[in-house]
Protein chains: 2
Amino acid sequence: MRYDIIIIGAGPAGLSAAIYSARGGLKTAIFEKGMIGGQINVTDEVENYPGFEEPLSGFDLTDKMHKQAQRFGADFIDEEITAMGLEGLCKIVETTENKYRAKSVIICTGAHPRRLNVPGEEQFTGRGVSYCATCDGALYRDKTVAVVGGGDSAIEEGLFLTRFAKKVYVIHRRDSLRAQKIIQDRAYKNPKMEFIWDSVVQEIRGETKVQDLEIYNRKTNQITHIPMDGVFIYVGILPNNELLESRIELDSSGFVLTDEYMHTNVPGIYAAGDIRHTVLRQVVTATSDGAIAAWSAEKWIIENYDSLEV
Amino acid sequence: MRYDIIIIGAGPAGLSAAIYSARGGLKTAIFEKGMIGGQINVTDEVENYPGFEEPLSGFDLTDKMHKQAQRFGADFIDEEITAMGLEGLCKIVETTENKYRAKSVIICTGAHPRRLNVPGEEQFTGRGVSYCATCDGALYRDKTVAVVGGGDSAIEEGLFLTRFAKKVYVIHRRDSLRAQKIIQDRAYKNPKMEFIWDSVVQEIRGETKVQDLEIYNRKTNQITHIPMDGVFIYVGILPNNELLESRIELDSSGFVLTDEYMHTNVPGIYAAGDIRHTVLRQVVTATSDGAIAAWSAEKWIIENYDSLEV
């Protein structure tokens, strides 16, 4: 099957790219093997995407974008991609079922939270281990929880958890936070929050769900066990770059480098949203990236093909 | 009066900056002497801002952003700014009525359409002369209209006008269009469109409203008069940069240069939206700019002030 533009990933960046591409009259396919909406899907309340006076769920927001892209005629394809050939004028996307060709490809594969990789983490994910306080926080009313990490996300989500939990520990491997000062100040003032410095979680323990954490202090070498009902892990974000060929230039963390047109170093290949090396990762920055990528890809196709006909 | 962040201009960029800034706990003022919403306000149907399955008016879209910013506590101030002092740590904004101080200023003054500056243009604006087909096109059902310009906007809006008008002339000073090929192809195929090449409008004539155009052919030096009910002018976009001090670095067209954090060359001064030197001007790129500018300004304030207290 042939398309003008193939978009890989249907989070906010991919959906926005699809809206712009399909509305622009280009034959557009968007591939998503998982849930349409991406990471934001699991967020209960989005209140800072401009245009929505009242908060709405991440699912509702991306569902609107999904329908909007469909209205303009974008094809949603839920096959799993096994390989991509992005060199040359004809780009190839192979799935377990079919082979697709396109003139331009926009990579919107997103990112995912970094794991601690300690015993118990995988076993108890969904049963006390979470990467999303906004999603699961309400389950911990009057419970004791921990947040692991020292950046903005860790501390912001820790503050959010104080709405529900009776106690929120912040476990951080260093002796100071990386989070913005305004957020730090709020955290230090909050009586429900307690800081465990210079420490890492060594094991997450329990029978059928999380019951306590084994914590190792890197300065004193002391090991302590703290009873815990839940642990929220915020130790970074990793790019979903497994499918990308080695020729696409990445930064040292594995995010895709682009210019201001969202063009990668490979002609006709664009990137948008969380997969991109960028300064801020929000729904609104992802949708903007997607719009720019689709607009740029359209211009690239016009410049590089005699006709827009497939 | 003192604020953490002052935002100049309440179009999509300014409104988004206000949402992010006020939600981030910063004392935020947003100045707008005209209508809240900016240029997009006069657009009847916005159908490509991601998140809205059905088209909505520019007014409705920015009204939602306005209420969203108010919900987080941003102060809207409708005084006219007379001077700004943007150097130093304390930024000053003077209006006809008051003097305001802020730690950071975000410039979101937008842009406006370039005028032809020919006799009759000003006189007949709103009576046959328009800069917005989407706004006024429906008034020209079964009429004869002209579009002046050869870029994307001119041709796209010309195509839009064929929904209403019986005839749409495209008057362009060169012998080929700058518009994207896909748009050109559509225009050439449309039987209602006729192209007048190498020509400029010399005068817009009429009694109480537009009746005909005096057109000068630059190659043949011939002057013709064509009866016309309306003329839509799309010859470029100009930055609203009158208030900016000479120290803020602009591009050759007068748009503000920023880095990817939306920071200008003046410490603590940010720019977002149409006023910025950028690759694409859409509501979604403006709101993304605004979010990044507010986030960056917050970080800049934390780094440069001991406390966030005003």
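Tutor: Copies are superposed by least squares on the C-alpha atoms of residues with pLDDT of at least 70 in both. Please keep in mind throughout that this is a predicted model.

Student: What rotation superposes chain B on chain A, and to what kind of axis does that relation belong?

Tutor: Chain B is brought onto chain A with an RMSD of 0.0 Å by a rotation of 180°, and the shift along the rotation axis is 0.0 Å. That is the relation of a two-fold axis.

Student: How many residues does each chain give to the contact, and what area do the chains bury between them?

Tutor: The contact draws 44 residues from chain B and 44 residues from chain A. Of the area buried between chain B and chain A, 57% lies on carbon and sulfur atoms, and the whole of that buried area comes to about 4,200 Å².

Student: How many salt bridges does the rule find across the interface of chain B and chain A?

Tutor: A salt bridge requires a side-chain nitrogen of Lys or Arg within 4 Å of a carboxyl oxygen of Asp or Glu. Arg23(B) and Glu47(A) form such a bridge, with their closest N and O atoms 2.6 Å apart. Polar contacts between chain B and chain A, counted where both residues are at pLDDT 80 or more, number 16 residue pairs, while the salt bridges across this interface number four.

Student: Which residues do ring pairs link into a cluster?

Tutor: Rings pair if their centres lie within 6.5 Å. Ring pairs link residues of chain A and chain B into a cluster, and its members are Tyr49(A), Phe52(A), Tyr49(B) and Phe52(B).

Student: How many aromatic pairs are there over all chains, and why is the pair Phe160(A) and Phe164(A) stacked or edge-to-face?

Tutor: Over all chains the count is 18 aromatic pairs. The ring centres of Phe160(A) and Phe164(A) are 5.4 Å apart and their planes stand at 65°, so this pair is edge-to-face.

Student: Are Phe160(A) and Phe164(A) buried or exposed?

Tutor: A residue is buried under 20% relative accessible area. Phe160(A) has 15% relative accessibility and therefore counts as buried, and Phe164(A), at 14%, likewise counts as buried.

Terms used:
Residues numbered from 1 in each chain as written. Chains lettered and ligands numbered in written order. Heavy atoms only, no water. Phe/Tyr/Trp six-rings, centres within 6.5 Å; stacked < 30°, edge-to-face > 60°. Buried < 20%, exposed > 50% of the residue type's maximum accessible area, 1.4 Å probe, protein only. Contact = heavy atoms within 4.5 Å. Buried area = accessible area lost by both parts, 1.4 Å probe. Polar contact = N/O pair within 3.5 Å; in protein donor to acceptor, adjacent residues only side chain to side chain.
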